[in-house]
Amino acid sequence: MSRQSMRSNDPKKVSGELFTLTYGSLVAQLLKDYENVDDVNRQLERMGYNIGMRLIEDFLARANPGRCYDLRDTADKIQQAFKLYLGVSPSIGSWSPGGDEFSVVLETNPLAEFVELPDHCLGLRYSNILAGVIRGACEMVQLEVMAWFIADQLKGDNVTEIRVKFVKRLEDAIPAGED
Amino acid sequence: MAEEAMFDFIHMEAVSYVFQGGEKIVEDEAVSKLEHMGFASGYRLVERLTRESGRYKDELDIMKYICKDLWVTVYKKQIDNLRTNHQGVYVLHDNRFRFLSHMATGKQYLQYAPRYLAFTCGLVRGCLANLGVTCVVTAEVTQLPACKFQIQVQRG
């Protein structure tokens, strides 16, 4: 049982690493499968969207955040979700004058922890899955948003910044055949 | 821990990604992609996990490490049963495997179960490769959510 004590004493840290490495091998596989990085970016966004659609249920059940009444509420909840699922606290800022656009700024990006981009991948938006997650999750609470990266530490920026823009509020649709 | 959920979701997306395209994709090819992803993750992960541990005294010791520490780290439980013939074959039983536990109890979805095991086979193979054991890992399910992994060590 001597080995038991030598186990890394921070299991939380380790499970984060597992996630980071798994994501890395997924991106590597995508790069191998697709010829150009734009397709990889698109695929990552789509995967993120699928994850976001399911993740929102987990988030609503776990954190019980309640309804959002305006975009500032939404931004706070996105911040809370980052804390919960990735263990980082992004800051929210750079609101547009109309209040329909904001930035999620990450000082450290857990997805990119052991990553360096080689020269031929400069067009790759490595963490693009996060943009997809935000879009997918918001759509499930009837908010159509656009999310995209405007700064990335992997490309030499100081911070990683995701821009989120409110598009429209989705209305409850009446099932076909019922009036 | 909520990060587990992220790992589960990434894994699910990886599975659905390699199997997208329906009938026309070749099952073996898709499984080998997943296996490769698992291998790459396992190879790197174990390097970080065992940074501070001492040397393992033999192969069985390494297998015990896989069953206890690695499984707890990745799947939050220990392997339920480890068997070996002492000639390089090890069988690991998990009675409630995490990737299968939300799917079904019994035989429903049995035909899809192997897809959710390929990544883990690779993960185990990658870990063992980095610890100096070359092997082939296969998995088998007869009843969800239980499954068994067979490790066959290659010598020579």
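Let's start where the two chains meet: 35 residues of chain B are in contact with 37 residues of chain A, contact meaning heavy atoms within 4.5 Å. Keep in mind that this is a predicted model, where local features need pLDDT of at least 70 and side-chain atom pairs count only at pLDDT 80 or more, while totals for chains, interfaces and linings use all residues. Residues are numbered from 1 along each chain as its sequence is written, chains are lettered from A in the order in which they are written, and side-chain values use heavy atoms, with hydrogens and water left out.

Between chain B and chain A, about 3,500 Å² is buried, and carbon and sulfur atoms give 65% of that. Buried area here is the accessible area (1.4 Å probe) that two parts lose on being put together, summed over both.

What about charges? Three salt bridges are counted between chain B and chain A, each a side-chain nitrogen of Lys or Arg within 4 Å of a carboxyl oxygen of Asp or Glu. Glu13(B) pairs up with Arg54(A) in a salt bridge, with the closest N and O atoms 3.8 Å apart. On the side of chain B that touches chain A, two or more residues each come from helix H1 (3-18), helix H2 (27-49) and helix H3 (59-75) of chain B; helices are DSSP runs of H or I, at least four residues, and strands are runs of E, at least two, numbered from the N terminus. H1(B) gives the largest share of that side, 10 residues.

Now hop over to Trp148(A), in strand E3 of chain A. Trp148(A) counts as partly exposed because its relative accessibility is 31%, and partly exposed lies between buried (under 20%) and exposed (over 50%), using a 1.4 Å probe and protein chains only.
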